[in-house]
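This report covers helix packing and nonpolar cores. The sequence and structure come first.

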Amino acid sequence: GNPHTITATLPASSVPSGTEIKYKGIAESEWSQEPPSYTDAGEYTVNYKISCPNYKDLEGSQTVHIRPRSLTVTAGLKNPKRGVIYGDPMPEFEASYTGFVKNETKETALTGTPMENRLSELWSIFDFLMPGFLYGYQGFREKFEEAIMNDRDEEVSARLRSMVHPFILRRLKKDVLTELPDKIEKTVTIELEGEQRKLYDAYAKRLKLYLEKQSKEEFKQSKLEVLKELTRLRQLCCGPELFLENYHGENAKMDACVELVRQAVDGGHKVLLFSQFTSVLDEIEKALAKEKIEDHRIDGSVSKEQRIRLVDSFETDDVPVFCISLKAGGTGLNLTAADIVIHYDPWWNVAAQNQATDRAHRIGQRNTVTVYDLIAENTIEEQIKKLQESKSALAEEILSGEGIQSIVLDRDEI
């Protein structure tokens, strides 16, 4: 398609102001000129303007921290279908540009999660470091991704691993932070009962019948509708009242969660409680209020300044519970006052949950951290848990050489 255009103004000591850089294509990586080479570590303010057909122009300013000869990997760079490559000129595009650091001798990429969801993320990082080493993206798909993801081809997986291993220096938290206390992970299985169980079974049966009537082509065209129904099933596990206004029946997961929080508070612990749904946080806060348990809360509506105040307060006050939406508070927070983490509902991406857990399990933590995953038995949540394990297995297979699993969900698996 047409190239995206970024106009960036940087300090005169770095590059001339008004530098215009164009990027197009996925394999060609054609620039109108070389990206700026930063010779000094420091803080730079970048003014950006992004133009793209069919989208309004984006303009703004961002402060970025630069280290010579390194690249801090961002979501836009890792995902070849968003931001930098094909599509939305959203902050990922701008952030990916400002994170670029070119050096005449070598490049380095720094990332905590080289692979979160798919092999293409690893290709994207290597395409920055060593363009062409893993072929263009189409070539990579044909030679590696399809065989590994769809066919579970161990030989192809071993070949990819042998190619990338010499260029990966991998350090695990347990190897670096030897003084960090242990992290104990527990899965709490919850049995749905009564009206909640009946509702879940009815919606699951309806989705199954809907899928059975579809051909593979029809399934490809109705993925948004299927995703909507899967979300309904997840909400039924969390509490039918999330979308059924007149529901007043059982909520087994909420009862189990409140009991777990009560035990933690009675034992003198502080708790981080994560959910993907802000509506779930609403219901949790109502339940905690009935038990006279105070809490703080962070979700997407909370300003940056208020986030800082809430975090600082939680570290020193007597409020025992912090309710946090996974998307808004899963990264960037230091909450070592808590030593219990509860994930109310599982998310497809286990890396996001692990990053949320690390709000407590990090430098400064002095106690063993206990992590509880609340999983509704015989529901979609058990399947999400298996999917998380598959994604972890895929990353370990490529990065560490252990067993591989497919993480592709087809119609039959759904």
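Which residues of α3 are buried? They are Leu119, Ser120, Glu121, Leu122, Trp123, Ser124, Ile125, Phe126, Asp127, Phe128 and Leu129. Helix α3 spans residues 119–129 and is mostly covered, with 11 of its 11 residues buried. Buried means under 20% relative accessible area, exposed over 50% and partly exposed in between, with a 1.4 Å probe and protein chains only. Helices (H or I, at least four residues) are DSSP runs numbered from the N terminus.

The model is predicted: local features need pLDDT of at least 70, side-chain atom pairs count only at pLDDT 80 or more, and totals for chains, interfaces and linings use all residues. Residues are numbered from 1 along each chain as its sequence is written, and side-chain values use heavy atoms, with hydrogens and water left out.

**Helix pairs**

Two packed helices are described by the angle between their axes and the distance between the axes. Here axes are lines fitted to C-alpha atoms, for helices over the stretch in contact, and angles run from 0 to 180 degrees between N-to-C directions.

| Helix pair | Axis angle | Axis distance |
|---|---|---|
| α10 (residues 252–266) and α11 (residues 278–290) | roughly 55 degrees | within 11 Å |
| α4 (residues 137–151) and α5 (residues 154–164) | about 125 degrees | 9 Å |

The axes of α10 and α11 cross at roughly 55 degrees. That makes α10 oblique to α11; angles under 35 degrees count as roughly parallel, over 145 as roughly antiparallel, 65 to 115 as roughly perpendicular and the rest as oblique. Met254, Val258 and Val261 of α10 meet Glu283, Ile284, Ala287 and Leu288 of α11, where contact means heavy atoms within 4.5 Å. By class, this contact has 6 nonpolar, no polar and 1 charged residues. Ala, Val, Leu, Ile, Met, Phe, Trp, Tyr, Cys and Pro count as nonpolar, Asp, Glu, Lys and Arg as charged, and the others, Gly among them, as polar.

Helices α4 and α5 pack at about 125 degrees and are therefore oblique to each other. Their contact is made by Phe140, Lys143, Phe144, Ala147 and Ile148 of α4 and Val156, Ser157, Arg159, Leu160 and Met163 of α5. These residues divide into 7 nonpolar, 1 polar and 2 charged.

**Nonpolar cores**

A nonpolar core is a set of buried Ala, Val, Leu, Ile, Met, Phe, Trp, Tyr and Cys residues joined through side-chain atoms within 4.5 Å. The largest has 45 residues, of which Ile284, Ile342 and Tyr344 touch the most other members. Its largest share, 7 residues, comes from α10. Leaving aside neighbours within four places in sequence, Ile342 contacts Leu260, Val261, Val271, Leu272, Leu273, Phe274, Tyr372 and Leu374. A second, separate core of 19 residues includes Ile324, Leu326, Val341 and Val371.

Key. Helices (H or I, at least four residues) and strands (E, at least two) are DSSP runs, numbered from the N terminus.
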